Amino acid sequence: QVQLVESGGGLVQAGGSLRLSCAASGSTFSRYAMGWFRQAPGKEREFVAAIRWSGGTTWAADSVKGRFTISRDNAKNTVYLQMNSLKPEDTAVYYCAAARGPGRLTTIGPYDYWGQGTQVTVSS
């Protein structure tokens with residue numbers, strides 16, 4: 001089992017930046033693929049970004065491509081989401097998740113463990 005704790009959310013003006021962190025414990029973090037998802041009130045949870053265990057391959061949703069970057073530091077058991085040029089449409093609760101098995105990392109299905117979420121609010 002993996003326990004995930006997100007941090008770094010907050011209130012920021014449009015055009016600003018935030019860096020989210022997700023600290024993992026309880027299992028072998030370095031062998032898990034990791035993803036970030038977000039969910040706004042009344043909307044379905046949607047994919048944001050994902051990274052393989054090696055860190056060499058990443059994916060990002062079209063809506064955030066070029067603005068958000070996912071990375072990981074396996075020595076620190078932490079995955080990051082650097083968010084630049086934030087827009088009001090990015091306002092949501094952001095969740096990190098861990099996938100221990102194979103699957104399409106741009107979908108919810110492969111992820112076995114989820115963090116509690118951290119709120120990101122972008123004002124216009």
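# Questions on a predicted model

User: How many salt bridges does a search of the whole structure find?

Analyst: A salt bridge is a side-chain nitrogen of Lys or Arg within 4 Å of a carboxyl oxygen of Asp or Glu. The model is predicted: local features need pLDDT of at least 70, side-chain atom pairs count only at pLDDT 80 or more, and totals for chains, interfaces and linings use all residues. Residues are numbered from 1 along each chain as its sequence is written, and side-chain values use heavy atoms, with hydrogens and water left out. When the whole structure is searched, the number of salt bridges is five.

User: Is arginine 38 buried or exposed?

Analyst: Arginine 38 is placed in strand 4, residues 33-39. Strands (E, at least two residues) and helices (H or I, at least four) are DSSP runs, numbered from the N terminus. Buried means under 20% relative accessible area, exposed over 50%, and partly exposed in between (1.4 Å probe, protein chains only). Because its relative accessible area is 5%, arginine 38 is buried.

User: Is arginine 31 buried or exposed?

Analyst: Arginine 31 belongs to the loop between strand 3 (18-25) and strand 4. Since its relative accessible area comes to 54%, arginine 31 is exposed.

User: What distance separates the N and O atoms where aspartate 90 forms a salt bridge with arginine 38?

Analyst: Both aspartate 90 and arginine 38 are buried. The closest N and O atoms of this salt bridge between aspartate 90 and arginine 38 are 2.9 Å apart. Aspartate 90 sits in the loop between strand 8 (78-83) and strand 9 while arginine 38 is in strand 4, so the bridge ties together parts 52 residues apart in sequence.

User: Which side chain makes a polar contact of 2.9 Å with the side chain of arginine 38?

Analyst: A polar contact is a pair of N or O atoms within 3.5 Å; within protein, one must be able to donate a hydrogen and the other to accept it, and residues adjacent in sequence count only if both atoms are side-chain atoms. The side chain of arginine 38 has such a contact, of 2.7 Å, with that of glutamate 46. At 2.9 Å, the side chain of arginine 38 meets that of tyrosine 94.

User: Which cysteine does a disulfide join to cysteine 22?

Analyst: A disulfide is a pair of cysteine sulfur atoms within 2.5 Å, and the structure holds one. Its two residues link distant parts of the chain, 74 residues apart, with cysteine 22 in strand 3 and cysteine 96 in strand 9 (residues 92-99). Cysteine 22 is buried at a relative accessible area of 0%, and cysteine 96 likewise counts as buried at 0%. With an S to S distance of 1.9 Å, the partner of cysteine 22 is cysteine 96.

User: How many bridges does the antiparallel pairing of strand 7 and strand 8 span?

Analyst: Two strands pair if DSSP finds at least two bridges between them. Strand 7 and strand 8 form a hairpin with four residues between them, and asparagine 77 in the turn has a positive phi of about 55°. Aspartate 73 has threonine 78 in strand 8 as its bridge partner. For the antiparallel pairing of strand 7 and strand 8, the number of bridges is six.
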